Amino acid sequence: DNLNILLTPAGTGNVGIGTTTPNQALTLFRDGADAAIEFSTITGANEKWTIGIDDSDSAKFKIASSSALGTNDRFVIDGNGNVGIGLTNPQGKLSTGSGLGDKVLAYDDGGTGQYGIGVQANLLQIYADAVGDRVGIGYGNSASFTETLTVKGSGVGVGDTTPTEGLLTVGGTFYVLTNTAVGADPLCWDGSGGSLYGDCTSLRE
């Protein structure tokens, strides 16, 4: 009890567990079985994490919230370099499984403030935190970004980061609005000429 074990390899020697030819400062080897380390804070099934190579599953590297790899796997890297989060058979470079809900949070304040990507039935979601926030597509980088497509509330802007005139606002050229007076056809406003059109074809050219 309370016994400390000190290993001090001479010079540049390595320590091997299960092997007499360790390649690194510490090498864990098991022939035909999982090579893993368990971390635990209490006795029982809770508060246990295991990290290592799952020999029974194509030697994938895993982190599991249990006492054994293959049970509650939370993070997986396969031999092709594909990464799965909550998924043991990732098909892409980063896969988050088939479950619905929030998938990736690019911003998370730990409460309700979230910007991210989600999935619901037959729907890929890209969302901001509130109706007054916007989702932008453009080029450059985060610090130097040119926004070319904007979604804000119920408005969509092309070249306009504050779309308020209608369902689709194209900055400096034309606006497409819901035409309740002429059935399903849109009404287009030529911003440069100050004219209203029932046919938007000429403005799109």
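Modeller: Buried means under 20% relative accessible area and exposed means over 50%, with partly exposed in between; please keep in mind that this is a predicted model.

Colleague: What makes the contact of Arg134 with Glu147 a salt bridge?

Modeller: The closest N and O atoms of Arg134 and Glu147 are 3.0 Å apart, and a salt bridge needs a side-chain nitrogen of Lys or Arg within 4 Å of a carboxyl oxygen of Asp or Glu, so the pair qualifies. Arg134 belongs to strand β12 (residues 134–140) and Glu147 to strand β13 (residues 145–152), 13 residues apart, and the pair links these distant parts of the chain.

Colleague: Is Glu147 buried or exposed, and how do you know?

Modeller: Glu147 has 17% relative accessibility, and because buried means under 20%, Glu147 counts as buried.

Colleague: What does the salt bridge between Glu38 and Lys48 tie together?

Modeller: In this salt bridge the closest N and O atoms are 3.4 Å apart; Glu38 lies in strand β3 (residues 35–40) and Lys48 in strand β4 (residues 48–54), so the pair ties together parts that are 10 residues apart in sequence. Glu38, at 40% relative accessibility, is partly exposed, whereas Lys48, at 12%, is buried.

Colleague: Why does Lys60 count as buried?

Modeller: The relative accessibility of Lys60 is 6%, and the limit for buried is under 20%, so Lys60 is buried. Lys60 also meets Asp57 in a salt bridge, at 3.4 Å from N to O.

Methods: Residues are numbered from 1 along each chain as its sequence is written. This is a predicted model: local features need pLDDT of at least 70, side-chain atom pairs count only at pLDDT 80 or more; totals for chains, interfaces and linings use all residues. Side-chain values use heavy atoms; hydrogens and water are left out. Helices (H or I, at least four residues) and strands (E, at least two) are DSSP runs, numbered from the N terminus. Buried means under 20% relative accessible area, exposed over 50%, partly exposed in between (1.4 Å probe, protein chains only).
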